[in-house]
Amino acid sequence: MEHKNPSRGDYRSVNMNFKYDIIVVGAGHAGNEAACAAANLGSKTLLITMDMNKMGQMSCNPAVGGIAKGQIVREIDALGGQMGIITDQSAIQFRMLNRSKGPAMWSPRSQSDRHLFIQTWIKTLTNTQNLHLWQDTVNEITFDKNGISGVKTALGIYFRAKVVILTNGTFLNGLMHIGKNQFKGGRISEPASFGITEQLKSLGFKTDRMKTGTPMRIDGRSIDFSKMSEQIGENDFHKFSFLKNVKRELKQMSCWITYTNEQTHEALRKGLPESPLYNGQIQSIGPRYCPSIETKIVTFADKKAHQLFLEPEGVDSQEYYVNGFSSSLPYQTQIDAIQTVPGLENAALFRPGYAIEYDFFDPTQLSHTLETKQIKNLFFAGQINGTTGYEEAGGQGLIAGINAHIKCHDGNPFTLGRDEAYIGVLIDDLVTKGVDEPYRMFTSRAEYRILLRQDDADMRLTEKAYNIGLAKENRFKELQAKKEEQNKLINFLKNHSVKPSQINAFLVSQNSAELKHGCKLSDLILRPQFGLNELAAAVPQLQEKITTIKSGKEEIIESVEIILKYAGYIEREKLIAEKLQRLEYIPLKGRIDYNSIHTLSTEARQKLTKINPETIGQASRIPGISPNDINILLVLLGR
C-alpha cells in the first residue's frame, strides 16, 4: 500500500507482503543496531518486538559506556551505528573515566535520560528507510528445502526472510526472582518468550542458563542528598559521536555517592535464608564483576562498607537507580537494609530489585560474523551469546546486521581483528573461548589497547564502514578533514624549533628542565609536565596555528598530543600486532582431521574439533591449546 506523509509531502512504499531480506527478533540494543545497519545498507528488514514503546529499553542502569565499554560505543559510532548518537542526544551527565591513567585506559561514560533514550531510539527506528516494524512474539524459526525461510509468531503469522537474527536478550524462558516469589518474564512487567530455545536444542544447539539482576528504584523525594557526596559531570568537548552536528544539549545532572555500613549488612544477612542465590532457588551462572549486594556481604565478609551510586533516571523524573545494590532478596529485606544507608533513612521504593534467569547459547557455535555454524543464515547477537551490557550487545548487533546484509547480497564477510577494535576482541573471545559467566568487556582483555583508544576509533574504523556503505559521505568527509588538520598540526610541531631563550621561563614554571640547545616543539611535547594548550600559551606561533583549526579543535589537540607523546608505545604495539597477525592469514578450517593427529594433546584434539578454528591465529587463542600444539599444526600445514 502507498502511504502519503502529509507533513513531508512525499510518498513511501510500505508494501506489507510479509516477505523480507532480513528479520531481526528483539528490539533491545543488539536488535536495534542490527536492524538499522541492515536497513541502512539497503536490505529490506523487519524488526519484531513485543512492545514498540520499549525499543532500546535500558533494562538495568540508565547509563552507557564505562571502562572499555565506552570504547565500544565510540567504535559503534565510527562504524555508522546509532548508540553513540542516541546517547549524546539523551545525555544528562558525561564523564571520562580513568583520566589519571594513560590514554589507552580513558573510557567515556554517560548517564542518560531513560525515557528520552527510548524515545530517540523509537524515532530513529521508525524513520529508517527499508526498516519495517511489527509488534508480536516470535516462537518458531521456519525452514524450507533451502534452509531458513523465516519465522512464525504468537499471532500465528508467518514472515518470510532469507536471514534471521536472534537478539532475544533475557527473554528466552525468562524467570524472575524476588525472595521466594518467582514469576515468568523477560523484564519486570514484561512476558517471557518460549519456543525458540526448545526448537534450537532439538536441532543440536548447546544451551545453558545465566542469571543477572538489577537494584531497586527509589523516589528522589525521599532522599536526603545532604548526607551524600555529589558527583558532577564534565562539561568539556567530549561526547560519544564523532559527528560534529551531534551535541549534548540536555540539562546536566549530578550523581550521588553514599555507603552501606554494618547495620546494612546485618539487615541483609537476616534475609539470606530467603535469598534465591543461597537457598538453591537459582542455579544458573551469575556475573562475577557485577555481584548482588548479598553476594558482596558473603564474599567480602570483612569489608565494613560498600560504595553506592545514586543515578538519576531523567531530567523530569524523581526515579533514582541505586548502582551497587543489585538484589533478589525479599522486598522487605531490601527496604530494611536500604533504610540504614546515610541519606536513605526514609527511602521510598518505586519497585524492589530482582534477579532474572534466562537461556543463552554457547557462542563457540558461531563464526566471527556471528552466523551460526549449524544453520546458515541464522545469526545470534547480544545476551543470547552469554554477554552482559548494552554496549557489548550493540557491538554484536552491528556486526550481525552488516553480515546479514552481506549474506543476502553475496558479499565478503565483514569482521574486525583484535588489533582493530574492542568489538573484534569481544567477538573473538566469544567464538574462540566461549563463556563460563556473563561476559563483560575490560581493557585488560585487549592485547593492543594502546591501538584501540577511544579517541581514534574513527581513524581505525570509519573508512572500513564507508567502503561497505554503512558510514555515509558526510561522516567520511568529516574524517578526512580531521586527518588533514591533525597532519598539519603534527607537521608544524615536528618542523618548528624554539631556542632556550624563548622557552626556558615557561619550562621552569612547569617544573620541567631547561633547554641547553634549541629543539623542535614535537620534542618538548614529549615531556609529561604539560600539554599542547599550555605550550601554545608560551609559543605564539603554535597558538596561531591552533586558532586556524576550523572545527573540532579540542578533539584534534587531544589526539595530536596522544599521537606524539605515546608514539614509541604505539609503534611498538603495531609491530607486535603485525607479527602475530601473520598467523591470522594461515587458514586452518577443514584442512586437518584433528582426531587423527595423536601428537596433539587429547585436550587440543577435543577443543580444535569442537571450535573448528578458521585460522592458526584463532587456534592459538583457544584455552588449553599450547604453543607445542600450534607448532604441530604449522608442521602439518607445511609452514
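View 1. E561 counts as partly exposed because its relative accessibility is 22%, where buried means under 20% relative accessible area, exposed over 50% and partly exposed in between (1.4 Å probe, protein chains only). This residue has its place in helix 17, residues 553-565, helices (H or I, at least four residues) being DSSP runs numbered from the N terminus. Leaving aside residues up to four places away in sequence, E561 touches I525, G531 and L532, contact meaning heavy atoms within 4.5 Å. Between E561 and I148 the C-alpha to C-alpha distance is 51 Å, with 413 residues separating them in sequence.

**View 2. The largest nonpolar core and a second one.** The largest nonpolar core has 96 residues, a core being a set of buried Ala, Val, Leu, Ile, Met, Phe, Trp, Tyr and Cys residues joined through side-chain atoms within 4.5 Å. Helix 9, residues 390-408, gives the most to this core, with nine residues. Another core, of 25 residues, lies apart from it and includes I503, L515, L524 and I557.

**View 3. L47 and its contacts.** L47 is among the residues with the most contacts inside the largest core. Beyond residues up to four places away in sequence, L47 touches, among others, V24, M55, L125, L133 and W134.

**View 4. Confidence along the chain.** The chain averages a pLDDT of 94, and 97% of the residues score at least 70, pLDDT being the predictor's confidence in each residue, from 0 to 100. Over residues 1-12 the pLDDT is below 50, although this stretch has 16 contacts in the model beyond near neighbours in sequence.

**Notes.** Residues are numbered from 1 along each chain as its sequence is written, and side-chain values use heavy atoms, without hydrogens and water. In this predicted model local features need pLDDT of at least 70 and side-chain atom pairs count only at pLDDT 80 or more, whereas totals for chains, interfaces and linings use all residues.

Key:
Helix = DSSP H or I, 4+ residues; strand = E, 2+ residues; numbered from the N terminus.
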